[in-house]
Structures are given as C-alpha cells and as structure tokens.
Amino acid sequence: MKITRSTLMIVLLSVTIGLSAIVIFPNFSDAESELKTFITHSGKVIRTTGEVIDPLYTVSTVEFDPMEYLREFHYGTVSKLSDGTTVREYTIIAEDDKVMEVSPGVFYNVWTYNGTVPGPTIRATEGDLLKINFINNGSKEHTIHFHGIHPAGMDGVFEAVGPGGGKFVYEFEAGPVGVHPYHCHVMPLEEHIIHGLYGVFIVDPKEGREPADEMVMVLNGLDTDFDTENNFYAANTIPFYYQHHPIQINTNELIRVYVVNMVEFDPINNFHLHGNLYNYYPTGTDMVPSFYTDMITLSQTERGIMEFEYTYPGKYLFHAHKVEFSEKGWVGIFLVSDNAESDESETEYGT
Amino acid sequence: MALSETSKFKVIASGVIPFAFVVLMMLYIFGPGADLLDFGVALPEVTIEKVDFFDSEIQTTVRNTGPIPVQIAIADVNDRIQPAAVEPDGFLDRYETALVRIPFEWNESEPYRIGITIDDGTRFEKEIESAAFVLEFTPDLAIFFAIIGTYVGIIPVMIGLLWLPFIRKISKSKYHFFLALTVGLLLFLGIDAIEEAIEVSNENLAGSFNGILLTATVVVISFIGLYYAGQKLIDRADYSKLTKPVAIALMIAIGIGLHNFGEGLAIGAAVGLGSIAFSTFLIVGFALHNTTEGIAIAGPLSKDKTLSKKSLITKLIGFGLIAGSPAIFGAWIGGFSYSPFSSVIFLAIGAGAIFQVIVVILRLIREEGDKNLSGSSVVAGIAIGMLVMYLTSILV
C-alpha cells in the first residue's frame, strides 16, 4: 500500500516538474555568437547575434538573375525565305516541376518557359515569319498563347499540348508593332499564369526605333501560400532585387523600358518614376506617345513602352504607387551615372 | 509477500516482454531505413506565441508547431515586408522557438498584424488589437500589481469571511444551504477556469498542443493530486491539532488561492497587453466576485465550535491570505512574463483544485446527514450559488 502511494506521488511530482520545465525553459535553438548589424528605413542600427532576414536592402542573389533578364532579347535562329522574308525560329520548352528560390530563403514551385519566370523575351521585326517550336516537358498540358495578330489555329487555346514531351509549332507573322505578352492558355488559366508561364514578345517597327538603353520589366506577383492573394510583387520576379542591385544607366541617354503587367488577383498595378517623367506609348503600337507622365496604371496584361532621359545623376526610385505592392517587393532603383559625353553637371545635388 | 526470486523474475519479465515488442514495432515503422510510412505531404506550421512592443522595435516569439523543421524567411508588419533579425537563428526544429526582432516605428494603441513567412512561402499571422509598450519590471509597477492583487484577492475574501459569525448562528439545514451555496460558487469558478484555459489555448497556442486535452489532463492531475494530499490532511486531522472543519476550510482556501492565481494572471496580462480600461473592469468585477469566495471558506469553518476567538481570528486571516494573496503573484507573472502556455497550465490546475474542494464539501454534507444530497437546502444552495456567480460575473 505504502509503495503504491509513494509511486503515485513520484509520478505526480515528475509530471509537475516536467510541465513546469516546459513553462520555464522555452527551448531556444543553439545560439550563434557573431554580432551583426543592419540599418533600417528609419536609419536605426540594429545589432543582433542572430540571423538577419532582410530581402529589402541586403545584397543577395537567387538562382534567377533579373539583371541578366532585364536586357536580354532573343532574336531566334534567323534564315531567309526565297521572297526575302526573315524567318526567326525559337525553341521554347515548358516545365512545371521546378522549385525556385524566389526571394532569399523562400522556395516556390515555378512553371517555366525555358527555365525562367518570365520566359525568354522574344523579339522580331514586323512582318518576320516566326516559327516557335514548343515542347511540353511538364506534367500537365500547356500551350503558348501570343497576344497579337495570327490565325485561329495558332492561338494556343484549343490546341492543348500534351505533357511529357508533347510538341507544337506556332507559325505566324510578327505583328502588330509593339510590346505584347505571351502566356499559357490551359485551364485553369489563372493557375497556369500565376505559376510563371508567361513572357514578353516585342515586335519592332520595320524602320526601327531610336537607339536607346533598352530593358524589359514584367510586373508580376507570387502567391506563395495559394490564398489568392499575392505574397510578393516585383519587377522581373525577384522582390526588391533592383533595390539592392540598382539598374545602372547614364545621364542624357535615352532609356526605353518595355513594361508588361502580369499581376493576377489585384485588379491594377502601376509604375511611378522618381525625379523624372516619361513618354508613354500604350501597347507600343503608335509612334507618337500618348502621355508624358510619371505614373501609369496597368490592368492585367496591359503593357506599353516608356522612354525617358535623366539629366541629373544619382539614385532614383521606381515603384508601384500602390504602396502595398512596393512594400512587398515591386520597387527598384535607377543608379544614374554622369555620362562621359556631357560634363555639365559638376554640382552635387542633395547631400 | 513471500514471493521467491524466480517468480519475482517471471513477474518482471512478463511486464517487460510486451513492452519490448512495442519498441521493436516502433523501430520497424520509424527506424532508419524504414519507408513504410513515407507517404503524404507534411504541412509546416509556426505559431506566433507572443508579440512585445519595445522602443522602435517589435519582438515576436515564434514557435515551430508543425511536424517538420522550418526556416523563417521573412517578417512583416501589417502585411508589409520589413527587415528583421532572428535570434538565435531562423532554422526551427519541431517545437523550437526563436525571437524575431522587427525594427518598426509603431504607434501606441493602434492594431497591428505581425506576419512570419517561412521557406515554403506560407505566411502565418498574429493580430494585436492595440499596441502598448511591453511592461518592464520596475519596483513601482510591482507595487502597483501588489496593490491590485490585494484589492482583488485578499480584501474581498476577508470581507466574505466576515459572514462567519452569521453562519455560525444558523440551524443545520441553513448551514447545509450555505455549504451547498459554496458548492455552487465553486462549480461556477471551476467551469469558468476551464473555459478561460480553453480560450487562452485557442487564441494563443498552436493546434499541436491539443489545448482542450492539455486542459483536461492538467485538471484531472491537479484534481487527483490535491485529492490525495487533501485526504492525507483530513486523515491527519483526526490525530493532530487541526479539526476536520479547519482542514476542509484550509483545502478550500488553497483551492481558491490557486484559482485567484489565475485571476491575477488575467489581470496582469490585460494590463500588459495595454487594455487598461478592460483591466479596470476586470478588477472591479473580480473584487465583487471574490467576496463570495470568503463565504466558501467561512462555511465549513463555522462548524468548528472548539476554536478560541483568538485562534479563529488568526485562522481567518491566514486562510484569507492563502486564498487571496496568489492574486498578487498571478498579477506579477501575468504582467511581467506572460506566457500563454503557463497560463493554460495554471488555470487548469486552479480548476482541478476547485473540483477537488467541491467533492470534499459534498462529502461533508453527506456526513452531516443529507445522504442523497437532495435536501431542499442543498439543491437551492447549489442553484443560488451558480446564479450569484453568474450575475456577478456579468460585471467582469
């Protein structure tokens, strides 16, 4: 009898001690000791022995390089028809099993054209014949649907390309002049778009455009937790990338940005440029700018061409003026250097 | 008692062998190289257990409450990404915690949503209704909490004890009524404590803690533990200086003390979370409410006619302190180092203590003569006890 009682007491005692141990000692993970510092928006310096998680200002790289994508145009394998028409041939491979680091430490299953989000920027001149060899190496049906003018059978809607190596050749004449998106058009459509199956298709006018420092910006969002709200926004996929990797441009040099809005879930997106205004050509179809502004609003797949020049060197932000988007990654910096050709601005502006 | 060595060995072996098979089975299923259960997708989960507001900084305690390790990738305030630091590091094994420090110029009394995004892109959020500076320990504040604890715990219980002379003079059935009233009061407090424990666990603890079962387990352990200890106390009362009524009153005082500890926690936490107006209300409500607890102690004590006046007064003060002063300690802990997990534990211990006291009082009534506990005074007492508590609780 005595033994059972004391056993009971021991059991009760150990349970009590066990529970209070959990209460008193939260099990913190093994400590690191190196002291790190980082500076916040307000200039406050934070010192920590822990790990800094700062996708905003801390220079970091992920697998996809938005700086490379920015100025990379694909003109295809060029050949000529007997009548002199230029033929541009491209191979685009769709995949849907890749897990990519989309922001430092955040991994997301991207569906890709040629391994990246956005897919390659396809560039041609009006009237060129385009041959796009599409291979679907994914596990689902995919297509490519180009915005622009083409025969119904080349629309990438009713000609689903089967998974595991299915093939289709999209053949059409490049047109009209401007900047257009292309994307997968398989149902459920939203799912195929938000996972990353989209890219930019630029059609140059035959007479060409004025020489410029040209770049492509796809405004996109990532819903990494699938709650039909974007967790991240960006110009060219990686949040805050151009903030900690400013885009280097020169004063008195024409800058041309091909902007395409691919954000889903949110009805609008916009583009605000600091310290400057730009000429804006909606869809790039007209040679005469429609607006001279520092702010345009873009709906889904709405796009256009911006042209501007900076007079003063320095750092200039560009971002969504829907501030939620910019605070979740759609923000960048133009680092404007003094162009060697002009030595007028010796003065330092600001402090 | 005359077991031989071999039969003892057989007993032990027969106890150990099935257990050995359990171990073998576990090794087979979960051991290295076992892929029997390698299917399905484990979903990660983190819980933001605590958010504290410091000067230009928000600190959150994050616990991995999912089945797989996670890496904290991003912190945000109101769904806007902010630079942050994770101490000691962002990698969290199961049940591991980390402190996420977010430098942020927050504004007092505004609501904030703090978000944590982990490596797979899933975001977890905790909403704070009203931001307020975290309470840091100062002697002034400690004294403030002690005064509140006195108002809420000690003074009301003492006032309740003043009914003792009245209860002493009444007839047996009326006395039963008062004991039953005590049962009603306590029953209400017990249910209240369980409700509170479940509420705290639902709001602040991850599902993996099984809040309701955690509460149930602690209530039962507290109940049987105190029941065992209480029985010893009463047994000993037969041959010690303590009379049986005094022993029972002491147990009630201890039970109520554990309960008031929980009330102190609630008040301290409310002040800590910045809801001063809310806690003023709590203080008034608990004070009124706790007067009735004094009656609960006075009930059985009145039965003891052997006590001298002086010894009775010392006992009353002693029991008043036992029952009331834990409110002070509760307020300190709730205000200075609030942890939802320990709150649930303390509330559940309090509930178990109260149920134990109820059983003891019911037994006392039975021993006093009402074998079926169906006398009108008992029934009316329990019912009125519950009602009185309900009505005073509306004030909280």
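This is a predicted model: local features need pLDDT of at least 70, side-chain atom pairs count only at pLDDT 80 or more; totals for chains, interfaces and linings use all residues.
In chain B, the loop between strand 1 (46–54) and strand 2 (57–64) holds B:Ser56. The phi angle of B:Ser56 is near 55°, a positive value in a residue other than glycine. Is B:Ser56 buried or exposed? With a relative accessible area of 14%, B:Ser56 is buried, because buried means under 20% relative accessible area.

A:Thr237 sits in the loop between strand 14 (232–235) and helix 4 (241–244) of chain A. Its relative accessibility is 2%, so A:Thr237 counts as buried.

Chain A has 351 residues, and buried residues make up 50% of them. Its secondary structure consists of 5 helices and 23 strands. Among the contacts in chain A with a separation of 6 or more, 69% are between residues 24 or more positions apart.

How many helices and strands does chain B have? The count comes to 11 helices and 9 strands. Of the 396 residues in chain B, 51% are buried. For contacts in chain B with a separation of 6 or more, residues 24 or more positions apart account for 75%. Chain B exposes about 18500 Å², with 68% of this supplied by carbon and sulfur atoms.

Back in chain A, two cis peptide bonds deserve a look. One joins A:Gly175 and A:Pro176, with omega at about -5°. A:Pro176 belongs to the loop that runs between strand 10 (166–173) and strand 11 (178–183) of chain A. Another cis peptide bond leads from A:Met187 to A:Pro188, and its omega is near -5°. Where is A:Pro188 found? The place is the loop between strand 11 and helix 3 (189–194) of chain A.

A:Thr112 is part of strand 6 of chain A, which spans residues 106–113. With a relative accessibility of 0%, A:Thr112 counts as buried. Leaving aside residues up to four places away in sequence, which residues does A:Thr112 touch? They are A:Ile93, A:Ala94, A:Glu95, A:Lys98, A:Val117 and A:Leu197.

B:Ser109 gives another view, this time from a loop in chain B. The loop in question lies between strand 7 (97–103) and strand 8 (112–118) of chain B. B:Ser109 has a relative accessible area of 52% and is exposed, because exposed means over 50%. Even so, B:Ser109 has partners from elsewhere in the sequence: not counting residues up to four places away, it touches B:Ser130 and B:Ala131. B:Ser109 and B:Ser130 are 21 residues apart along the chain, and their C-alpha atoms are separated by 4.4 Å.

Helix 4 (residues 172–204) and helix 10 (residues 340–368) of chain B have axes that come within 8 Å and cross at roughly 160°. That angle makes helix 4 of chain B roughly antiparallel to helix 10 of chain B, because angles over 145 degrees count as roughly antiparallel. The crossing in which helix 4 of chain B passes helix 10 of chain B is left-handed. What kinds of residue make up the contact of helix 4 of chain B with helix 10 of chain B? Sorted by class, there are 24 nonpolar, 6 polar and 3 charged residues.

Helix 8 (residues 309–324) and helix 9 (residues 326–336) of chain B form another pair, with axes that come within 5 Å and cross at roughly 20°. Helix 8 of chain B and helix 9 of chain B are therefore roughly parallel to each other, because angles under 35 degrees count as roughly parallel. From helix 8 of chain B, the contact draws on B:Leu321, B:Ile322, B:Ala323 and B:Gly324. Helix 9 of chain B brings B:Pro326, B:Ala327 and B:Ile328 to the contact. By class, the contact of helix 8 of chain B with helix 9 of chain B has 6 nonpolar residues, 1 polar and no charged.

How values were computed. Residues are numbered from 1 along each chain as its sequence is written. Chains are lettered from A and ligands numbered from 1 in the order in which they are written. Side-chain values use heavy atoms; hydrogens and water are left out. Axes are lines fitted to C-alpha atoms, for helices over the stretch in contact, and angles run from 0 to 180 degrees between N-to-C directions. Helices (H or I, at least four residues) and strands (E, at least two) are DSSP runs, numbered from the N terminus. Angles under 35 degrees count as roughly parallel, over 145 as roughly antiparallel, 65 to 115 as roughly perpendicular and the rest as oblique. A crossing is left-handed if the near helix is turned anticlockwise from the far one by less than a right angle, and right-handed if clockwise. Ala, Val, Leu, Ile, Met, Phe, Trp, Tyr, Cys and Pro count as nonpolar, Asp, Glu, Lys and Arg as charged, and the others, Gly among them, as polar. Buried means under 20% relative accessible area, exposed over 50%, partly exposed in between (1.4 Å probe, protein chains only). Contact means heavy atoms within 4.5 Å. Accessible areas come from the Shrake-Rupley method with a 1.4 Å probe; for residues, only the protein chains shown count as cover.
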